[in-house]
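My notes follow the structure.

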Amino acid sequence: MPSAVFEGIAGHGEVIHRLLSMMEGERLPHALLFHGPPGIGKNTTAIALIQTLFCLQTIKGSGQGCGVCVGCRKVVSGNHPDLLRVEMGEDKTRILVEQIRELSRFFNLTPLEGNWKICLLDDAGQMNDAAANALLKTLEEPPGKSLLILITSRLDSLLPTIRSRCQSLRFSPLSDEVLVALAQSKANLNGEAARDLAPLAEGSVARLLQLANSEFASLRQDFLQTMDKLPSGDLSQLVQAAAQWADKERYATTTTLLRGWFRQKIHVTMGVEGDSGYKKELLALATQVHALLQRGHVFNLNKQLILEAIFIRHYRLHRHLSGGPSQR
Ligand SMILES: [Zn+2]
């Protein structure tokens, strides 16, 4: 028995409900804009929508794509002649005007197999100015039975004129509850490990699956030890630790671990009676850490220097409060 394509998607019930009712009432707009943080299911939802529109045997009752017919399979394999996927080129930084011109040419062709011409434009926030202006022209005069789905995690980098011509659907980060279930079903973790890991994924299923590999567990162990030891060490150890965790292969994991460490620390500290001055300083530090990581990401700052700055603040706060290494 084939199962309806949207049923395999975790979370996003409200968005899916809206999409289904648009399709049911034949009120799909010419352009949809899916936005929200990366790795939470925007692309998966877009694929399910396209499958539903190209499905040759939609599921009775729900009206959703079946996921197994030739139409549905061609959507996934990228072989459907009425679907064009546009994403960043080889250099992985920009979507170029030539790609958008190809999109316009594609929309003007007659559908070959389905009733629709559909274009999935991923990383839409990465269009350069020329590409964005070319897209605007297409959006101003959309050909009949065409659907453009724009996906972005950076809504503010899209021209307001583009945004206003699309029907926007916001995707929210997945709840920890949904992530726990996914960690169990997709990554085969037991309940305890799943509950441990889910908050670190920060609402993203992609991040969750990345974190669920075994290497992460040992990295996490190392990181916890680093954070514990830092206040009792000296500054040269601190610089060394920053260099080690700033390594570009593992930096994304480092930032996840750092955020998780502070969240956990705050959770534990706030749950018990204790020095209110410390609680206040810890909260302030966590806010600073968050801002530093954010700024580092946006401006592509030197990763080691960011970690040094964070480790020094952690060192000062915890060394001072523990009364120095001799009293630990
Ligand atoms: Zn199908």
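These entries cover the domains, the metal site, the salt bridges and a surface patch.

I am working on a predicted model, where local features need pLDDT of at least 70, side-chain atom pairs count only at pLDDT 80 or more, and totals for chains, interfaces and linings use all residues. Residues are numbered from 1 along each chain as its sequence is written, and side-chain values use heavy atoms, without hydrogens and water.

**Domains.** I looked up the domain assignment and found domain 1 (5-170), domain 2 (175-212) and domain 3 (214-327). Such bounds come from an automatic or database domain assignment. The C-alpha centres of domain 1 and domain 3 are 40 Å apart.

**Zinc site.** I checked the donors, meaning N, O and S atoms within 2.8 Å of the metal (3.2 Å for Na, K and Ca); water is not among the atoms, so sites may look incomplete. The SG atoms of Cys55, Cys66, Cys69 and Cys72 coordinate the zinc ion at 2.3 to 2.4 Å. The spacing along the chain is C-x10-C-x2-C-x2-C. Cysteine 55 and cysteine 66 sit 11 residues apart in the loop between α2 (42-54) and α3 (70-77). I take helices (H or I, at least four residues) and strands (E, at least two) as DSSP runs, numbered from the N terminus. The arrangement is tetrahedral because the 4 donor atoms subtend angles of 105 to 118°; the cut-off for four donors is all angles between 85 and 135 degrees. Cysteine 55 and cysteine 66 are both buried (under 20% relative accessible area; exposed is over 50%, partly exposed in between; 1.4 Å probe, protein chains only).

**Salt bridges.** I found 7 in the structure, each a side-chain nitrogen of Lys or Arg within 4 Å of a carboxyl oxygen of Asp or Glu. Glutamate 113 pairs with lysine 74 at 2.9 Å between the closest N and O atoms. Glutamate 113 lies in the loop between α4 (97-107) and β3 (117-121), lysine 74 in helix α3, 39 residues apart. Arginine 259 and glutamate 202 meet at 3.9 Å, N to O. This pair spans 57 residues, from helix α12 (residues 251-270) to the loop between α8 and α9 (205-211). Arginine 259 is buried at 18% relative accessible area, whereas glutamate 202 is partly exposed at 35%. Shared partners join Glu98, Arg101 and Arg105 into one network.

**Surface patch.** I noted a nonpolar patch of about 310 Å² made by Val298, Phe299 and Leu301. Leucine 301 belongs to the loop between α13 (276-299) and α14 (303-322). Its relative accessible area is 38%, so leucine 301 is partly exposed. Patch residues have over 30% relative accessible area and no salt bridge; like charges are joined within 9 Å, nonpolar side chains (Val, Leu, Ile, Met, Phe, Trp, Tyr) within 5 Å. Areas come from the Shrake-Rupley method with a 1.4 Å probe; for residues, only the protein chains shown count as cover.

Technical notes. Four donors count as tetrahedral if all angles lie between 85 and 135 degrees; four count as square planar and six as octahedral if opposite donors are over 155 degrees apart and all others between 65 and 115; anything else is irregular.
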